[in-house]
Amino acid sequence: MPTLPLSLYVHLPWCVRKCPYCDFNSHALNEAPLPERDYINALLNDLAQSATMVTARPLRSIFIGGGTPNLFSAAAIGCLLDGVARHFTLSSNIEITMEANPGAGDGIAQRFAEVRNTGVNRLSLGVQSLDDGLLKTLGRIHTADEARQAIAAALNVFPRVNLDFMFALPGQAMDMLDSVLREACAFDASHLSFYQLTLEPHTPFHYAPPEHLPDADTTAAMQERVEEVLANAGYGRYEVSAYAKSGARCEHNLNYWQFGDYLGIGAGAHGKVSFFDSDGKVIRVERAIKQPHPRCYMDAAPEALTAESHIIEQREFAFEFMLNALRLKDGVPRALFFERTGVPLADIAPMVQDAVARGLLEPDDAVFRTTALGWRFLNDTMQCFLTDER
């Protein structure tokens, strides 16, 4: 049996309102009403078909993302997870994460308790800020007090909680960041994520950038402050934006970054699946994207659920692998490259040597890991592994 880890991503693409910085495949309720039963049925059909690609491989993790998954009822989440259990063997210590947003419905404490009873054992809460002015600028529908109430409810119910925050926000000064860092640490959640606000293409913020964004030097200083304060509070930075207490790293995201396999079900969900020969060696890796619009996804015949797919060519593997692996601060074992691509390490040796010679990659025979310079200029480091064809 192949030993490559396997995860499942489920996309629930509805939000109360679309945020102006968001480039995810999500849809406001007033633009695309949420047909809960029909969508869950479509997910179950997708699940049944996807399971045939990975026969007898247990799931290491499940991540229910969005969108705002807590717009769905706990009964719907339970139905979905029952379907997963029918088609897959679940690891005994499987991590099941669901994303949620404060302000999405009343009675959030009760809703969280009901979701916990379905088997979800990790919640990722989209807080983003604890400043009402910044929340308004970001287009969030919740207030700072609603966020605090949701955090308290999550911590009371789930054994593992991640809190998402953003920094380098319009008009945010260092003392404002310090305030949110102090409060974030005081919650004592097992995991924190701090993302720099970026103006993604085709978003309202891209077309009409907000005023008073921190400059590059201030943004860099904010990133350093985040890492310093969180480290002092016991949160180790293990990925570009991820900080965890001991034993609390996100297993699902680690699988992405270590080039594991994952099935994607739901509108616009991405997947990456490896295929093996009789000796368990990877012979082909395929990426796929499901129909992006919820209505098209629900109306699609089983054979038409996938909107596009492509087999990763050998010349692409160096960049595909490093794009994920080098986000990890401690890097990954070099042996993983052959194990998870089927491509000999010798084939990428010139690229590795170039990155080492430029001081971007550590000269370590056992691990692919950036230097301090390579970590600071991560995009440049990754570009060392681009071929002329890309």
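Ala 168 counts as buried because its relative accessibility is 5%, where buried means under 20% relative accessible area, exposed over 50%, and partly exposed in between (1.4 Å probe, protein chains only). The model is predicted, so local features need pLDDT of at least 70 and side-chain atom pairs count only at pLDDT 80 or more, whereas totals for chains, interfaces and linings use all residues. Residues are numbered from 1 along each chain as its sequence is written, and side-chain values use heavy atoms, with hydrogens and water left out.

Ala 168 sits in the loop between strand E7 (160-167) and helix H6 (174-187); helices (H or I, at least four residues) and strands (E, at least two) are DSSP runs, numbered from the N terminus. The backbone of Ala 168 has a positive phi of about 60°, although the residue is not a glycine. Most residues other than glycine have a negative phi, and most peptide bonds are trans.

Ala 56 also has a positive phi, near 70°, and is likewise a residue other than glycine. This residue is placed in the loop between helix H1 (36-51) and E4. With 52% relative accessibility, Ala 56 counts as exposed. A further backbone feature is the cis peptide bond that joins Gly 66 and Gly 67, with omega about 15°. Gly 67 belongs to the loop between strand E4 (59-66) and helix H2 (74-87).

The whole structure contains 19 salt bridges, a salt bridge being a side-chain nitrogen of Lys or Arg within 4 Å of a carboxyl oxygen of Asp or Glu. One of them pairs Glu 320 with Arg 287, at 2.8 Å from N to O. Because Glu 320 lies in helix H11 (residues 317-325) and Arg 287 in strand E13 (residues 282-290), this pair ties together parts that are 33 residues apart in sequence. Both Glu 320 and Arg 287 are buried.

Two other pairs involve partly exposed residues. Glu 313 and Arg 315 form a salt bridge in which the closest N and O atoms are 2.4 Å apart. Glu 313 is partly exposed at 39% relative accessibility, and Arg 315 is partly exposed at 36%. Asp 364 meets Arg 369 in a salt bridge of 3.2 Å, N to O. The relative accessible area is 21% for Asp 364 and 25% for Arg 369.

Salt bridges also link Arg 57, Asp 261 and Lys 272 in a network.
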